[in-house]
Amino acid sequence: QYQDTAIGIDTTFRVLGTDVNGCRKLDSTSVTINALPIITTGADTAICIGDTVHLRAYGAATYEWNNGVELGQHHYAVPSSNTKYIVIGTDTNGCVNRSAIEVLINDFSIVADNDITICMGDDATLGASGGSFYNWTNGLGAGDMHIVSPGVTTTYVVTSEEDGCIVSDSMVVNVDVNCIEVVNVFTPNGDGRNDLWLINGIEDYPNAIVKVFNRWGDSIFESTIGYLEPWDGTYNGTVLPPATYYYTIDLKNGGKGVAGSISIVR
């Protein structure tokens, strides 16, 4: 018997056989020892959440990946958590080896404050948390907090960066262009309490026009520009009876205005 076990060199095995009659014969077979393929996938890596990682392997003829990745040498994946990808490579000799790459997720994130609604002319405070540095759109610049007073509903986007990962969130400041509170019942009986029809917040609309009508649609009250003198429940100096009346309020701010009913109780 002769044997050579070096990689890539034939190993020859010889056998001498003798039958029952004492006849002998020598035969041999050769076995080639092939080296395992060296599969490489690159070093473990870290990516930002939502980013794409390029998976690639070398050293074999065909490649089979785990974690739902298809066959092939190159793939792109978007893992949502830390993931270990294992690839099994097979060379042209049918020899199999494997390699692995671990992808770590940098789950850095920031959170902007909840959306809010303000009345036109009021201030709103913008805030964010979760990062160490913040930059806001709409010309606000850096800072974790800003005070704004938008004239229309506005979305503010805040971004932050950490370890090369840029994340963002947004906060909407809704502006109510008809931000008034109409008192729908008043008692003009001269007792000094609730004698006038109040419209809370209308002082913010100095050009507003307020009109009141009876149930037949006759105009019984119309303010001058603004609502400087609240209605006292009279018409041309005459006390009006208890009833339901109807109003329109044009705030002169480009909005659609306000309409509803008002009740006099005596």
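The legends below describe close-up views of one predicted model.

In this predicted model, local features need pLDDT of at least 70 and side-chain atom pairs count only at pLDDT 80 or more, while totals for chains, interfaces and linings use all residues. Residues are numbered from 1 along each chain as its sequence is written, and side-chain values use heavy atoms, with hydrogens and water left out.

**View 1. The open sheet of five strands.** The strand order is β18-β25-β24-β20-β21, and the pairing is mixed. Strands (E, at least two residues) are DSSP runs numbered from the N terminus, and two strands pair if DSSP finds at least two bridges between them. The edge strands, β18 (185-186) and β21, each pair on one side only. β20 and β24 are antiparallel and share five bridges; β20 and β21 also run antiparallel, joined by three bridges. Lys 211 stands opposite Thr 248 in β24, and its bridge partner in β21 is Glu 222.

**View 2. The hairpin of β20 and β21, with Asn 214.** Five residues lie between the two strands of this hairpin, and Gly 217 in the turn has a positive phi of about 90 degrees. Asn 214 is placed in the loop between β20 and β21. With 13% relative accessibility, Asn 214 counts as buried; buried means under 20% relative accessible area, exposed over 50%, and partly exposed in between (1.4 Å probe, protein chains only). The side chain of Asn 214 reaches the backbone nitrogen of Asp 218 at 2.9 Å. Not counting residues up to four places away in sequence, Asn 214 touches Ile 220, Tyr 245 and Tyr 246, where contact means heavy atoms within 4.5 Å.

**View 3. The largest nonpolar core.** A nonpolar core is a set of buried Ala, Val, Leu, Ile, Met, Phe, Trp, Tyr and Cys residues joined through side-chain atoms within 4.5 Å. The largest one has 23 residues, of which Trp 197, Ile 199, Ile 202, Trp 231 and Ile 249 touch the most other members. Two or more residues come from each of β20 (209-213), β21 (219-222), β24 (243-250) and β25 (258-264), and β24 gives the most, with three. Ile 199 is in contact with Ile 180, Glu 181, Val 182, Val 210, Tyr 227 and Ile 249, leaving aside its neighbours within four places in sequence. A second, separate core of 18 residues includes Ala 124, Tyr 134, Tyr 156 and Val 173. In soluble globular proteins, nonpolar side chains tend to be buried together.

**View 4. The two salt bridges.** A search of the whole structure finds two salt bridges, each being a side-chain nitrogen of Lys or Arg within 4 Å of a carboxyl oxygen of Asp or Glu. In one, the closest N and O atoms of Arg 193 and Asp 191 are 3.9 Å apart. Arg 193 is exposed, at 62% relative accessible area, whereas Asp 191 is partly exposed, at 39%. The side chains of Asp 250 and Lys 252 form another, at 3.2 Å from N to O. Asp 250 is partly exposed, with 33% relative accessibility.

**View 5. The disulfide of Cys 48 and Cys 165.** One disulfide is found in the whole structure; the term denotes a pair of cysteine sulfur atoms within 2.5 Å. The sulfur atoms of Cys 48 and Cys 165 are 1.9 Å apart, and the link is left-handed, with -95 degrees about the S-S bond. The pair links distant parts of the chain, 117 residues apart: Cys 48 is in strand β3 (residues 45-48) and Cys 165 in strand β16 (residues 165-176). Cys 48 is buried, at 13% relative accessible area, and Cys 165 is buried, at 3%.

How values were computed:
Helices (H or I, at least four residues) and strands (E, at least two) are DSSP runs, numbered from the N terminus. A polar contact is a pair of N or O atoms within 3.5 Å; within protein, one must be able to donate a hydrogen and the other to accept it, and residues adjacent in sequence count only if both atoms are side-chain atoms.
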